[in-house]
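Subject: Structure handover

Hello,

I am passing this structure on to you. Please have a look at it first, then read my notes below.

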Amino acid sequence: MISGRILATALLVSATALPAAAQETLTVYTYDSFTAEWGPGPLVKEAFEADCGCTLNFVAAADGVALLNRLKLEGENTDADIVLGLDTNLTFEARESGLFAPHGISLDNITVPNGWDDDMFVPFDYGYFAFVYDTEAIETPPASFAELLDGDPEIKIVIQDPRTSTPGLGLLLWVKAIYGDGASEAWEKLSQRVLTVTPGWSEAYGLFTSGEAPMVLSYTTSPAYHQIAERTNRYQAAIFEEGHYLQVEVAAATLGGAENPLTAQFLEFMTGSGFQDAIPEHNWMFPAGPTSEPLNPVFEDAVAPEDALQLPPEEIAENRSAWIDEWLAIMSR
C-alpha cells in the first residue's frame with residue numbers, strides 16, 4: 001500500500017508538471033487552405049517543431065472572417081494561442097474585441113505595401129484580389145470593373161460570402177472603394193453574373209477549376225500556381241484599370257496565448273525565411289518577410305497593380321454590417 005506521504009508527494013509532482021507540459025504545445029487557429037496538404041501549414045509545422053522541440057497544433061476554420069467569429073464565440077476560454085489568417089479589413093474589429101494581446105516582437109523583417117507599424121498584428125503575406133478567368137472559355141477578359149459589370153450575363157462568376165470569407169469581404173470593400181454610394185447599383189449588375197456564392201475561397205475555386213464557371217474571385221497571384229504546379233497558362237487574372245484591393249494577412253496572439261512562451265517564438269519565426277519560404281508556392285501570395293531564395297519568375301506576372309485600393313480599418317468596422325446588409329438585400333433576391 002502506498003503511504004499517504006508518498007501519494008501526496010506524487011500528486012504534487014504531477015500537478016506541477018502539468019503546466020510545463022501544456023507549454024510544449026502551441027495551438028494556432030487558421031483557415032482550411034493554410035492547413036491543407038498542399039498549403040503552407042505542413043511545411044511550417046515541420047520547420048517550427050524542429051526549431052522549438054514542441055508540438056504545433058493547427059485548428060482550421062473556413063476563412064479569416066470565420067476565425068474572428070469563432071474567437072468571439074469562445075471568448076477568453078478559447079484554446080487558441082494564436083489566430084493566423086485575419087487581414088487588414090478585420091484588424092480594427094479584432095482589436096476592439098479585447099481578445100488579443102500585443103506581440104512584443106521586432107517587425108524589422110516585415111515588408112508590405114504602404115509599410116507596417118502595429119503593436120498587435122504581425123503580417124505574414126499579402127496579395128491583391130482579382131477575378132481569375134479561364135482563357136479557354138473567355139477570349140477577351142474585362143479590362144475594368146465597369147466592363148465586368150456590363151459583361152455578358154451568360155458568362156458566370158463564382159464569388160464568396162463577405163460574412164464568412166476574407167475574399168468575399170475584400171470584394172465588398174473593393175466595390176465600395178470604387179463605387180462608394182453607387183455600390184448597390186454595382187451589386188445589382190454583378191448579381192446577374194453570379195453563378196453562386198460560397199462560404200469560402202476553397203469551395204469557390206474548386207467550382208472554377210472543375211469548369212462550373214469560367215471566372216472566380218481570387219488573387220492576382222493565383223495563376224502562378226497553375227504555371228508552376230500544372231505548367232499551364234490557361235488561367236489568368238483580369239487586371240482592372242480602376243485598381244485592385246490590397247489584402248495583408250496577419251497573425252496575433254490571444255490574451256491566453258500571450259502567456260505561452262511559444263507564442264512569441266512562433267510570431268518571431270513567422271517573420272523569417274523558415275516560415276516565409278512556404279508562402280509563395282504554397283499559399284500563393286507575396287511573402288511579407290525575407291525568403292532564402294528569390295521568388296520564381298512567374299510571380300513577376302503577378303506584379304502589384306498601379307492602384308492598390310484600401311479603406312481605413314475604422315471605416316470598415318463602422319460600416320461593415322450596413323454594407324453587408326446592402327449586399328445581402330440584392331444578392332438574396
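Start with the link between Cys52 and Cys54: it is left-handed, with -80° about the S-S bond. Keep in mind that this is a predicted model. The disulfide joins Cys52 to Cys54 at an S to S distance of 1.9 Å. The count of disulfides comes to one. As a reminder, a disulfide is a covalent bond between the sulfur atoms of two cysteines.

The largest pocket has a volume of about 450 Å³. Its lining is made of 23 residues, and Ser33, Trp38, Trp201, Asn283 and Trp284 are the closest to its centre. Which elements give two or more residues to this lining? They are α2 (32-35), α7 (166-179), α9 (201-209), β8 (215-219) and α10 (222-229). Helix α9 gives the most, with five residues. By class, the lining of the largest pocket divides into ten nonpolar, ten polar and three charged residues.

The second largest pocket has a volume of about 230 Å³. Here 16 residues form the lining. Nearest the centre of this pocket lie Thr88, Gly115, Trp116, Gln310 and Pro313. Two elements to look for are β10 (244-254) and α13, as each supplies at least two residues of the lining. The lining of the second largest pocket has eight nonpolar, six polar and two charged residues.

Helix α13 also takes part in a helix pair. Two packed helices are described by the angle between their axes and the distance between the axes. Which values describe α8 and α13? The axes of α8 (residues 183-191) and α13 (residues 313-331) come within 9 Å. They cross at roughly 35°. The crossing of α8 and α13 is right-handed. On the α8 side, the contact is made by Ala183, Ser184, Trp187, Glu188 and Ser191. On the α13 side, Glu326, Trp327, Ile330 and Met331 make the contact. By class, the contact of α8 with α13 has five nonpolar, two polar and two charged residues.

Best wishes

Notes. Residues are numbered from 1 along each chain as its sequence is written. This is a predicted model: local features need pLDDT of at least 70, side-chain atom pairs count only at pLDDT 80 or more; totals for chains, interfaces and linings use all residues. Side-chain values use heavy atoms; hydrogens and water are left out. Axes are lines fitted to C-alpha atoms, for helices over the stretch in contact, and angles run from 0 to 180 degrees between N-to-C directions. Helices (H or I, at least four residues) and strands (E, at least two) are DSSP runs, numbered from the N terminus. A crossing is left-handed if the near helix is turned anticlockwise from the far one by less than a right angle, and right-handed if clockwise. Contact means heavy atoms within 4.5 Å. Ala, Val, Leu, Ile, Met, Phe, Trp, Tyr, Cys and Pro count as nonpolar, Asp, Glu, Lys and Arg as charged, and the others, Gly among them, as polar. On a 1 Å grid over the protein atoms alone, a cavity is a set of points where a 1.4 Å probe fits but cannot get out, and a pocket is an open set with protein on both sides within 12 Å along at least five of seven lines; lining residues have an atom within 4 Å of a point. Grid points are joined across faces, edges and corners, and a volume is the space filled by probe spheres set on the points. A disulfide is a pair of cysteine sulfur atoms within 2.5 Å.
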